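Subject: Structure for you to look at

Hi,

Here is the structure I promised, with the sequence alongside. Could you open it next to this email while you read? My notes follow below.

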Amino acid sequence: MLPPFRRLATALGRALPSKALSRALPSKKAGSSETPTVAVTPPLPEPEVEIPRDIAGVSLDDFDLLKVLGKGGFGKVMLVRKKNTSDFYAMKVLKKEAVIRRNQVAHTKTETHILKQIRHPFLTHMAYAFQSEGKLYMVLNYLPGGELFYQLKREGRFSIERVRLYTAEIGMGLGHLHSLDMIYRDLKPENILLDEVGHVCLTDFGLSKEMISTPNAAHTFCGTPEYIAPEILQGVGHGKAVDWWSLGTLVFEMLTGLPPFYSRNINQMYEMILRAELRCPTYLPPDIKDLIEKLLVRDPLRRLGSGQGDLAELERHPFFQLLDFSKVFNREYTPIYKPSLGCVTDVANFDPTFTREHAVDSLVEPSHQAGQPNHFEGFSYRASYGASVRDLLEPS
Ligand code: FS9
């Protein structure tokens with residue numbers, strides 16, 4: 001299949017060499033399930049410059065940039081709307097130069113590789129990915145409720161009923177990643193977002209690691225200190241049980257307002273994670289206390305969820321007795337907290353430092369991209385299913 005072409009009035013000021021052109025057009029893999037892009041367009045007449053429209057058939061021109069949701073050294077995340085539709089997305093824009101300079105090429109590849117594979121109600125999914133000479137664009141489902149972290153800081157702590165559903169939904173997301181032989185590794189309230197109804201969704205798969213042949217092969221030190229499992233700190237290698245440890249710390253934090261092993265002094269915090277006695281406040285009911293204690297077992301082999309059953313071990317715990325997990329999956333339980341939203345583009349649940357900014361796609365300095373080989377071949381993507389979460393659920 002020939003790729004579709006896009007006209008570029010001489011804005012580039014130079015023609016792309018044919019080599020660059022062919023490099024920018026990865027051939028479609030045999031057996032790939034990607035939806036074919038738009039039908040063949042006849043070649044454009046000379047002397048106009050042709051640049052390949054991205055393989056995904058989508059580019060920045062197809063979106064209205066509305067608001068900035070977050071920003072950092074690598075790039076930013078914006079609320080966008082697909083032009084002439086009412087489809088809203090979160091567009092993550094990364095500067096290639098920054099990704100390369102900070103050795104994040106592998107992380108970025110991991111994240112896109114994972115995002116391309118997952119379809120699950122409690123995991124972010126990606127509708128499109130495309131690139132320009134200087135940037136990478138990931139178009140993700142938009143979660144207007146913002147970070148769970150933001151709600152937790154505002155409210156101090158959550159009710160048990162609220163924590164029960166969040167934990168079940170997050171657990172299902174982790175269980176799904178594990179079933180694909182992936183470890184999430186960075187579970188924390190900042191990476192959990194809420195949709196318009198109040199269901200949770202895990203984002204940011206940059207740290208997730210696909211497990212290599214053995215479950216203990218992952219040795220690299222990554223993650224956020226408060227939630228990191230002891231076996232990671234000890235550098236003895238780790239498997240999917242690290243996510244169940246992090247879930248234990250998260251459950252504790254959602255119910256009490258602070259992680260179980262916390263100190264401003266980071267070395268002291270590591271020491272606590274490795275050795276301190278777990279002390280649950282007396283107001284926690286016995287079933288939830290028991291769940292926390294079983295998730296925060298330091299020996300990963302004895303931790304709840306570490307066996308073959310993985311998520312199934314958690315599902316059987318008395319804390320979840322009131323829940324039917326197939327109903328959880330189908331989002332049949334109504335969350336207690338529904339994010340307050342004035343209108344579809346209301347960004348009140350995001351940090352005003354960012355939302356006050358003007359949403360634009362900044363220019364990349366030409367010197368930053370000149371002569372760089374493309375480290376991101378095969379990045380582009382278009383989901384073969386709709387972008388709505390309804391497309392992910394079992395037909396009712
Ligand atoms: N829908 C709404 N918000 C989402 N966010 C998750 C990411 C948050 C963020 O700011 N991330 C961030 C990213 C960078 C990078 F450089 F990588 F671009 C730097 C600093 C912060 C913003 C809120 C979200 N994610 C998926 N769907 C979403």
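**What I found**

Strands β6 (residues 126-131) and β7 (residues 135-141) pair in the antiparallel sense over five bridges. Strands and helices here are DSSP runs numbered from the N terminus, with at least two residues (E) for a strand and at least four (H or I) for a helix; two strands pair if DSSP finds at least two bridges between them.

Before going on, a word on the source: this is a predicted model, where local features need pLDDT of at least 70, side-chain atom pairs count only at pLDDT 80 or more, and totals for chains, interfaces and linings use all residues. Residues are numbered from 1 along each chain as its sequence is written.

*The sheet*

Back to β6 and β7: a hairpin of three residues joins the two strands, and Q131 has L136 in β7 as its bridge partner. β6 also runs antiparallel to strand β13 (residues 381-382), with two bridges between them; there, Y128 is partnered with R382. Both pairings belong to an open sheet of six strands in the order β3-β4-β5-β7-β6-β13, with antiparallel pairing. Its edge strands are β3 (63-71) and β13, each pairing on one side only.

The hairpin of β4 and β5 has five residues between the strands, and N84 in it takes a positive phi near 60 degrees. Next, β5 and β7 run antiparallel with seven bridges, where V93 has Y137 as its partner in β7.

How buried are these strands? Six of the six residues of β6 are buried, so the rest of the structure largely encloses it. The story for β5 is that seven of its eight residues are buried, so this strand is largely enclosed too. Buried means that 20 or more other C-beta atoms lie within 10 Å of a residue's own, with C-beta atoms placed from the backbone.

*The core*

The largest nonpolar core has 82 residues, and those with the most contacts inside it are A90, M91, M126, A129, V139 and V251. (A nonpolar core is a set of buried Ala, Val, Leu, Ile, Met, Phe, Trp, Tyr and Cys residues joined through C-beta atoms within 7 Å.) Helix α7 (residues 241-256) gives the most to this core, with 10 residues. Domain 1 (10-144 + 347-382) and domain 2 (147-329) both contribute, so the core lies between them; the domain bounds come from an automatic or database assignment.

Which residues does M91 touch? Leaving out residues up to four places away in sequence, M91 touches F63, V77, M78, V80, Y137 and V139. Contact here means C-beta atoms, placed from the backbone, within 7 Å.

*Around the ligand*

There are 18 residues around the ligand, of which G70, G72, F74, A90 and L143 come nearest; the cut-off is a C-beta atom, placed from the backbone, within 6 Å. β3, β4, β5 (88-95) and β7 each supply at least two residues of this shell. By class, the shell has nine nonpolar, six polar and three charged residues. Ala, Val, Leu, Ile, Met, Phe, Trp, Tyr, Cys and Pro count as nonpolar, Asp, Glu, Lys and Arg as charged, and the others, Gly among them, as polar.

Cheers

Technical notes. Buried ≥ 20, exposed ≤ 12 C-beta atoms within 10 Å, placed from the backbone. Contact = placed C-beta atoms within 7 Å.
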